[in-house]
Amino acid sequence: MRCKGRSWSQYHPLVWVLVGGTIFSRAAMFMSLPFLTIYLAQHTEIDPALAGLTVGLGPLAGTFCGFVGGNLSDQFGRRTVMVTAMFLWAGVYIGFAVAEHIVFFMLLNLLNGVCRSFFEPTSQALMADITPPERRIRVFGFRYLAINVGAVIGPLIGAVTGILAGKTAFLITGTVYFVYAWLLLLMLNHYRHDLTSHVTQTERERVGMRAAFQVVRNDAALRFFLAGAILANIGYAQIETTLPLYLKQNVVNGELLFSILLAINAGLVVILQMLLTRWSEKRPILQSLLIGTILFAAGMGCFAVGQHEAWFVIGMVILTVGEILIFPTNSLFIDRLAPDHLRGTYFGANGFQGLGFFMGPSLGGWLVQQLGGHWGFAVIGLVVIGAMYFYWMGMRVYQFRSCGLSQETSVVSSSVSGEKLQV
């Protein structure tokens, strides 16, 4: 007898298409996009500041376009948005390989952010659409594991083949995305009947962009949650920005140590993801979020101590466990908040937590420069701790609302949508 919850057949085939596609597409992406700055330096004559701006345009566009992409998937269907975004995404990477002027790189990376913000919230909404509620935390765990597997094998393949920071890497990435787009089109067509929405006509009328924006804007639980996520992401953003710079300037063989820390982070996610997901799915959402946040902050505390390499290793181990608890649970909480007819919109709105990744590098760099590494990382840890309050408030508002209790801060006072969410 197979153990309940471990059989692949308990999940819709499209779940595995999306999980498998995530591994290959992310592996291809990690062969090329992280090295865009180096590529620009080698193939253009722009200064480092302009190169940094060009690279930052993608995440910035993704932060603000996710809501639009998610809402379009609610209006016109997951299939249309996902397939269109993936074909355009393939074209973006091929464009990187042939572009020569900085203006084209900037436009392409803007479009890269838009495609990502359209595809990813929609794919998460689709996973939730076709998965029973009690299994969704594990599905979101599968997805997060796939992202990290791709992040591990992509640069390794690129390094072994010697194609990092070159045109070939972008061409390969574009080809992989193009093949994935065709596979998605075929599979989504094959399971078209499983994607039929069960929302009522009245609900469909409230999916429009303006109406959906009113609902999301007035959702106090979502606002609190996003505030907490932004603070947590300010801390997580230090891993790839402030931390490597600090290690390079203050630790012997700091660059080597940073490479080891990244390997520890990715390896632990791959090893521990499903184990910790099984643990967290049996516990309240808020418990996983609070424990994960505490571990995030504790990891920053270890970086603050940082007199010996061992403190950075311990900090990365602790932080990674917190990461594994927080990120899939984030997706589950958004799924619980979202009405069925606005699931894509809510996953898209979740992209606003990317503001933490946008603000984190500059804030962390300034703090370390002004206060030194010890106090700088300590302050970042306190910022992360602040996320606990907002997570707690978000869950409290959600629980009051789902129980139908009247509390001024816990009810979505929207003239467009007055329904209560159910646990």
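What follows is a walk through the cavities, aromatic pairs, cysteines and salt bridges of this structure.

The model is predicted: local features need pLDDT of at least 70, side-chain atom pairs count only at pLDDT 80 or more, and totals for chains, interfaces and linings use all residues. Residues are numbered from 1 along each chain as its sequence is written, and side-chain values use heavy atoms, with hydrogens and water left out.

Start with the empty space. Rolling a probe the size of a water molecule over the atoms shows where such space is left. Here a cavity is a set of points, on a 1 Å grid over the protein atoms alone, where a 1.4 Å probe fits but cannot get out. Grid points are joined across faces, edges and corners, and a volume is the space filled by probe spheres set on the points. Three cavities of 30 Å³ or more turn up in a search of the whole structure. The largest cavity holds about 140 Å³ of space. Its lining has 14 residues, and Thr22, Ser25, Arg26, Phe119 and Glu120 are the closest to its centre; a lining residue has an atom within 4 Å of a point. Helices are DSSP runs (H or I, at least four residues), numbered from the N terminus. By class, the lining of the largest cavity has eight nonpolar, three polar and three charged residues. Ala, Val, Leu, Ile, Met, Phe, Trp, Tyr, Cys and Pro count as nonpolar, Asp, Glu, Lys and Arg as charged, and the others, Gly among them, as polar.

Rings of Phe, Tyr and Trp (its six-membered ring) pair if their centres lie within 6.5 Å; planes under 30 degrees apart count as stacked, over 60 as edge-to-face and the rest as tilted. The structure has 30 aromatic pairs. In one of them, the ring centres of Trp89 and Phe119 are 6.2 Å apart with planes at 55°, so this pair is tilted. Trp89 belongs to helix 4 and Phe119 to helix 5, so the contact ties together parts 30 residues apart in sequence. Trp89 is buried, at 2% relative accessibility; buried means under 20% relative accessible area, exposed over 50%, and partly exposed in between (1.4 Å probe, protein chains only). Phe119 is also buried, at 6%. Phe119 pairs with Tyr180 as well: the centres are 6.3 Å apart and the planes at 70°, so this pair is edge-to-face. Tyr180 sits in helix 7, so its pair with Phe119 of helix 5 ties together parts 61 residues apart in sequence. Tyr180 is buried at 6%. One aromatic cluster includes Trp89, Phe119 and Tyr180, together with Tyr39, Tyr93, Phe96, Phe105, Phe170 and Tyr177.

Next, the cysteines. A disulfide is a pair of cysteine sulfur atoms within 2.5 Å. The count is zero. For Cys115, the nearest cysteine sulfur is that of Cys65, 9.9 Å away. Cys115 is buried at 3% relative accessibility. Cys302 is buried too, with a relative accessible area of 8%.

How many salt bridges does the structure hold? There are 10, each a side-chain nitrogen of Lys or Arg within 4 Å of a carboxyl oxygen of Asp or Glu. Asp129 takes part in two that are described here. One is with Arg78, the closest N and O atoms being 2.7 Å apart. Arg78 lies in helix 4 and Asp129 in helix 5, so the bridge ties together parts 51 residues apart in sequence. Arg78 is buried at 11%, whereas Asp129 is partly exposed at 34%. The other joins Asp129 to Arg343, with the closest N and O atoms 2.5 Å apart. Arg343 lies in helix 15 (residues 343-349), so this bridge to helix 5 ties together parts 214 residues apart in sequence. Arg343 is buried at 5%. A network of salt bridges links Arg78, Asp129 and Arg343 with Asp74, Arg136, Asp335 and Asp340.

Another bridge pairs Glu281 with Arg138, the closest N and O atoms being 2.2 Å apart. Glu281 lies in the loop between helix 12 (254-280) and helix 13 (285-305) and Arg138 in helix 6, so the pair ties together parts 143 residues apart in sequence. Glu281 is partly exposed at 26%, while Arg138 is buried at 8%.

Definitions and conventions: On a 1 Å grid over the protein atoms alone, a cavity is a set of points where a 1.4 Å probe fits but cannot get out, and a pocket is an open set with protein on both sides within 12 Å along at least five of seven lines; lining residues have an atom within 4 Å of a point. Helices (H or I, at least four residues) and strands (E, at least two) are DSSP runs, numbered from the N terminus.
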